[in-house]
Amino acid sequence: GTPEVSNKKATLINQKSDERVSVSVKKIWKDLNNNDITENLPEITFKLWKVVNGQDKFLQDIKLPIGGKYETVITGLPKYDEKGLRIVYKITEEVPNGYYAEPAVTVVGENSVSFEITNRTMPKIDIGVEKKWVNKDGNVLPDGYNLPDSIRVKLLANGQETGKTIDLLKSNNWKGEFKGLDRKDASGKDI
């Protein structure tokens, strides 16, 4: 506001802004070799949020593609809140299976906010498992020791059960393998 001074009194006049901004969202798809992926892409959903008093407030879902394109612009969003502060907009994504999302490249302009998000093909990994039977001193138990015929191994990822199991068999020397596992979580962090 602009202060008006008269008779040694200052009066501050605030005017509510009706300025608007646009939010653009663009999705880029890359494979493990950084090549563009352009075929057989899934539909995705972004959620548009604004931050109010430190809390995220949901505004709307954004489904892509639109007309075959993985980008869109939402216009006419308020630029300032009721206190005259610039509104912070952000997006979240429901990352499709088989991909992970890199952190968004966000550009805040005078009257726009743009988000560019790259999804990459999920790298896979195989994990071998071997059960060693040892005594309390760490020595391998001798052949003929009374062992079960099989045991079931549960796979955890970052301390959480994945629902994947394998049975290790005495007849297979207690060896097995989890195959084709995601190497990263949906945010791109190594598991």
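User: In this predicted model, over how many bridges do strand E4 and E7 pair in the antiparallel sense?

Analyst: The model is a predicted one, and within it strand E4 covers residues 44-52. Taken as a whole, the antiparallel pairing of E4 and E7 runs over 7 bridges.

User: Which strands are the edge strands of the open sheet of 3 strands?

Analyst: The open sheet has the order E5-E4-E7, and its pairing is antiparallel. From one strand to the next, the twist averages 25 degrees. An edge strand pairs on one side only, and this applies to strand E5 (55-64) and strand E7 (88-94).

User: Does threonine 118 count as buried or exposed?

Analyst: Threonine 118 has its place in strand E10, which spans residues 112-121. Buried is the term for a relative accessible area under 20%. The relative accessibility of threonine 118 is 12%, and therefore this residue counts as buried.

User: How many helices and how many strands does the protein have?

Analyst: Read along the sequence, the pattern of the protein is β-β-β-β-β-β-β-β-β-β-β-β-β-β. The secondary structure accordingly comes to 0 helices and 14 strands.

User: What is the radius of gyration of the protein, and why does the protein count as more spread out than a compact globule?

Analyst: Along the principal axes, the C-alpha atoms fill a box of roughly 105 × 45 × 25 Å. For 191 residues the globule rule gives 16 Å, and the protein is more spread out than a compact globule because its radius of gyration is well over that value, at 28 Å.

User: What percentage of the 191 residues of the protein count as buried?

Analyst: The protein exposes about 13,400 Å², of which carbon and sulfur atoms supply 46%. Counted by residue, with buried meaning under 20% relative accessible area, the buried part of the 191 residues is 26%.

User: Among contacts between residues at least 6 apart in sequence, what percentage join residues at least 24 apart?

Analyst: Across the protein, among contacts between residues at least 6 apart, the part that joins residues at least 24 apart is 54%.

Key
Residues are numbered from 1 along each chain as its sequence is written. This is a predicted model: local features need pLDDT of at least 70, side-chain atom pairs count only at pLDDT 80 or more; totals for chains, interfaces and linings use all residues. Side-chain values use heavy atoms; hydrogens and water are left out. Two strands pair if DSSP finds at least two bridges between them. Helices (H or I, at least four residues) and strands (E, at least two) are DSSP runs, numbered from the N terminus. Axes are lines fitted to C-alpha atoms, for helices over the stretch in contact, and angles run from 0 to 180 degrees between N-to-C directions. Buried means under 20% relative accessible area, exposed over 50%, partly exposed in between (1.4 Å probe, protein chains only). The radius of gyration is taken over C-alpha atoms; the globule rule is 2.2 Å times the number of residues to the power 0.38. Contact means heavy atoms within 4.5 Å. Accessible areas come from the Shrake-Rupley method with a 1.4 Å probe; for residues, only the protein chains shown count as cover.
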